[in-house]
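Welcome, and please have your viewer ready. We will go from one selection to the next and look at what is there.

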Amino acid sequence: MIEGQEGVTWDDWVRLAGLTEAHGFEGLFRSDHYTAIVRQQAGALDAWATLAGLAAVTDRIRLGTLVSPATFRHPSVLARMAVTVDHISHGRVDVGMGSGWYEREHVAHGFPFLDGRRRFDLFAEQVEIVVRSWTEEGFDHEGAAYALRTQTALPQPFQRPHPPLLLGGGSVKPRFAALAARFASEVNTLGAPNDELRERKARLDRACESAGRDPASLVYSVMTACFVGEDEREAAERVRQFLAVRGGGDAEPEALVAERRDRWLVGSVDEVASRVEELRRLGVSRIFLQHLNHGDDDMVELIGRRLLPALL
């Protein structure tokens with residue numbers, strides 16, 4: 001998973017996609033932001049335009065967003081963009097959606113930044129419209145934010161009944177869990193200590209049971225920062241490189257590793273493999289590796305050569 005708002009160029013994307021395919025990864029996902037978070041004044045290419053381009057120059061890997069904010073696009077536009085990438089890729093796109101959280105980019109680009117409750121209301125309404133746009137013909141919708149009159153069907157998605165819908169949520173609150181149980185193929189949450197990840201999974205399971213859905217049918221995934229090395233020293237050096245860009249002040253990488261070890265994937269290949277096995281036992285079935293040093297191709301190669309075979 002690449003933070004595309006941090007100055008990732010088109011040439012970078014093509015290189016990263018090639019590495020992802022060559023080294024056995026399942027997919028390449030990207031954030032959907034227009035304003036940098038870590039680097040100062042870094043450029044950001046549009047997420048869905050990027051995915052359309054990558055769909056045309058790759059053959060195997062899945063592509064998707066983690067996640068597209070409801071505040072950026074009209075749901076009819078997002079639904080059609082996703083189906084377009086679904087066709088270009090011959091069925092290799094996952095659609096990630098979220099409520100949006102980064103106030104600075106909303107102000108910078110003129111997107112309304114509502115309070116948390118109203119952002120979630122908008123998000124929930126968007127999710128319903130997107131799914132119905134993929135699966136129904138001629139439907140009407142009357143909601144707080146959107147009114148659709150006899151919405152004509154999109155071209156049929158390449159993936160049937162529709163592309164996998166991934167909903168991103170940090171703490172899996174009850175309204176989010178209920179929405180996911182109704183519409184989502186997958187829920188993605190941020191890395192956290194084991195007890196918190198276990199509780200988030202339990203909330204999703206309870207929401208599925210309340211909705212009459214088999215909890216096993218809802219994929220539970222985690223996105224977390226990844227700094228892996230041949231040994232601890234190499235992993236700490238990768239953290240040091242990230243801190244140098246972020247502006248870590250006087251922070252020592254070893255101290256940050258110790259602080260974040262229960263939520264990041266950080267350390268030697270063997271240590272990270274052990275942590276992945278812990279996550280599996282918690283019910284996590286997919287992990288998105290947040291590659292924060294996007295120019296570090298050596299780590300991608302190391303994961304493909306050492307870590308993935310160890311896990312498989």
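How many residues of helix H5 are buried? Select residues 116–135 to find H5: 14 of its 20 residues are buried, so the helix is mostly covered (buried means under 20% relative accessible area with a 1.4 Å probe, protein chains only; helices are DSSP runs of H or I with at least four residues, strands are runs of E with at least two, and both are numbered from the N terminus).

A word on the model: it is predicted, so local features need pLDDT of at least 70 and side-chain atom pairs pLDDT 80 or more, while totals for chains, interfaces and linings use all residues. Residues are numbered from 1 along each chain as its sequence is written, and side-chain values use heavy atoms, leaving out hydrogens and water.

Stay with H5. From first C-alpha to last, the helix reaches 29 Å, close to the 28 Å expected at 1.5 Å a residue (1.5 Å times one less than the number of residues).

Next, show the aromatic rings. The structure holds eight aromatic pairs (ring centres of Phe, Tyr or Trp, with its six-membered ring, within 6.5 Å; planes under 30 degrees apart are stacked, over 60 edge-to-face, the rest tilted). Select phenylalanine 227 and phenylalanine 242: this pair is tilted, 5.8 Å centre to centre with 45 degrees between the planes. Phenylalanine 227 sits in strand E9 and phenylalanine 242 in helix H8, so the pair ties together parts 15 residues apart in sequence. Both phenylalanines are buried.

Last stop: select Tyr34, Phe72 and Phe111, a cluster linked by ring pairs.

Note on methods: Buried < 20%, exposed > 50% of the residue type's maximum accessible area, 1.4 Å probe, protein only.
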